[in-house]
Amino acid sequence: MTTEQIQQRRILIADDDDGVRAVLRDLLAGEGYHVSEARSGTEVLTNLAAGNGYHLLLMDVRMPGLDGLEVLERLRKNNSDIGVIMITAHATSSVAIRAMQAGAFDYLLKPFEVDEVLVLVQRFFEHQELASKVKTLESQASDPRERMIGQSPAMQRIYKTIGRVAASDAPVLVTGETGTGKELVANVIHANSSRRNGPMISVNCAALPDTLLESELFGHEKGAFTSAVAQRKGRFELANNGTIFLDEVGELSLTAQKKLLRVLQEGTFERVGGTATIKVDVRVITATNRDLEEEVRKGTFREDLYYRLNVINIHMPPLRERKEDIPLLIEYFLNKYRYTPASPPTRISEEAIAKMMAYDWPGNVRQLENEIRRAVVYAQGKVITSDLLSLEPGRAVVEFDIAQAVRDRVPLEALLRDVERSMLSEALRQCDGDRSAAAERLGLTAAALDKRLKTYGLA
Ligand SMILES: Nc1ncnc2c1ncn2[C@@H]1O[C@H](COP(=O)(O)OP(=O)(O)OP(=O)(O)O)[C@@H](O)[C@H]1O
Ligand SMILES: [Mg+2]
C-alpha cells in the first residue's frame, strides 16, 4: 500500500481518557493515517455530522454521557457506513455481542498491544477495499443475475471472449466442470447481445426423458402422442428473436440432435407430429460438462453437430486453477447471503479464508457459494471461523436444536439445505461412495441423487 493511500484514510479516535487517546493518536499518525480525536459520544456525533469523511471510528465503550454502544446504535440508525472498532476494558459477552450486533467491525480489549491495534486497523481497511471492489464489479453489471466475479487472468480471458462473441449470432459451446459458471456465462452473453430485449430460454436436456425433450424443444401438434391433447409451442418457438440455452446438450437423443442441426443450418424445424415448417431466428448457446469429443468417437453425438455447436468454445476454468479469485468470491457471497436481510455482511476469520484458499473445490463456485451460505447460518451473525466450514468431503454436521434455531431466526430454507447436504455426504460415506447404495438408503432414485450431489458440489 502506498503512503499516499494511507494518508487518505481518516480515523476518528473517541475516548474520554486523554492517555489512551494520545497513545492511539501517536501510533496511528505514526503509520501515516489521518487522525482526529473526540472526548465524548456527543463529540463523535457532532464530528461525524460535520461530514469530515472519516472511514473508521475507534471508540471506547465507557464514556460519560452517551456511551460508545449508544453512539454506535445511533450511527447505524442514521445509516452511517463508517467502520467502527469498539474498545472495551470489560470483555463481557454482552458488550461484545451488542457491539457486533450493532455492526461494529471488531472490538479491542484493554489493555491492548500496539501490534494488535495496527493489525486490526489494517485488516479493516483491507476488508473495506475488497468490499468496494466487489461493489464496483456489481455496478458494472446491470442485471443482478449477470454478475461475474473474478479478476484472475483466466477470468479476464473469459470476459474478453464474451465481449468478442456477444454481438455475433454464432453458436457458443460452454464447457467446464460442474459449478464453474457455464449457465452464468450463457446469461451474460445474452445480456450483452443485441438480442438482450428478446427472450432467453433455458432448457436442461438432462432433466427430461428423450420423448418429452423433443416436444419440449420443438413443440407438438394435437394428437402427436397420447398425452398431446392440444397443440403446443416448443422452446425454440418461444425463444424466437432471442437466445436458447441448451444445458447438458450431450444428453440429446439422436433424433433431437438431427433436428437441432437443421435449426442451426436453416433455422427451420417441424413440431412433433406436424408437417408445417416453422422458421425461427434463435441464437444457440450450449453447455456440457461431458467430453463431447469422446461422445462423438463413441457415436452417441453427431460429429457434424459438434462442429456446428463448437464454433466458439468458452472453457470455464475450475476454481482451483484461479484461487486468487477466492477472497473476492467469498466477499461477494458474504454480501449476498446476509444472516438476516437487514444484517451487515457476516465477517470471516483469516484462518477460515486460508482454509478455503487451500481447498480444491471439486464443486467449484457453486460449492463455495453453498459453503458460505451455510456458514453464515452457523455463524449466527458472528465471525465465520474455520471450524464452521465443512470442506472435507463426507463430513456431516447436523447438530441443531430446533427451538434454538427458530429463536435465532435461522432461515428455514438454509437449514433444510444444510440438512440435505449433510445427509447426502453421510450416506455416501456410509456406503463408501457407492451411489446406488447411497440412493437406496436415502429413498432416492440414482438420477435424483446425482442431481442433488451436483447441486451441493459433492459429485
Ligand atoms: N464467476 C462467478 N461469479 C459469481 N457467481 C458465480 C460465478 N461462477 C459461478 N457462479 C455462481 O455459481 C453457481 C453455479 O453456476 P452455474 O449454474 O452457472 O454453473 P454450471 O457450470 O452451469 O454448473 P453445472 O455444470 O453443475 O450445471 C451459480 O449460483 C452462479 O451464479
Ligand atoms: Mg449448469
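Let's start at the ligand: sorted by class, the shell around ligand 1 holds eight nonpolar, five polar and seven charged residues. Keep in mind as you look around that this is a predicted model. The shell counts 20 residues, and those that come nearest to ligand 1 are I149, T178, G179, K182 and E369.

A polar backbone atom of I149 sits 2.8 Å from a nitrogen atom of ligand 1, while a backbone N or O atom of G179 is 2.8 Å from an oxygen atom of the ligand. On its own, ligand 1 has 630 Å² of accessible area, and the protein covers 87% of that.

Domain 2 (144-315) and domain 3 (319-455) each give at least three residues to the shell. Among the elements, α8 (182-191), α14 (326-336) and α16 each supply at least two.

The structure holds one cavity of 30 Å³ or more, and the largest cavity contains about 60 Å³ of space. Its lining consists of N370, R373, R374, A414, R417, D418, R421 and Y456. Here α16 (364-379) and α18 (412-430) are the elements that give two or more residues to the lining, with α18 providing the largest share, four residues. By class, the lining of the largest cavity has five charged, two nonpolar and one polar residue.

Terms used: Residues are numbered from 1 along each chain as its sequence is written. Chains are lettered from A and ligands numbered from 1 in the order in which they are written. This is a predicted model: local features need pLDDT of at least 70, side-chain atom pairs count only at pLDDT 80 or more; totals for chains, interfaces and linings use all residues. Side-chain values use heavy atoms; hydrogens and water are left out. On a 1 Å grid over the protein atoms alone, a cavity is a set of points where a 1.4 Å probe fits but cannot get out, and a pocket is an open set with protein on both sides within 12 Å along at least five of seven lines; lining residues have an atom within 4 Å of a point. Grid points are joined across faces, edges and corners, and a volume is the space filled by probe spheres set on the points. Ala, Val, Leu, Ile, Met, Phe, Trp, Tyr, Cys and Pro count as nonpolar, Asp, Glu, Lys and Arg as charged, and the others, Gly among them, as polar. A residue is near a molecule or strand if one of its heavy atoms lies within 4 Å of it. A polar contact is a pair of N or O atoms within 3.5 Å; within protein, one must be able to donate a hydrogen and the other to accept it, and residues adjacent in sequence count only if both atoms are side-chain atoms. Accessible areas come from the Shrake-Rupley method with a 1.4 Å probe; for residues, only the protein chains shown count as cover. Domain bounds come from an automatic or database domain assignment.
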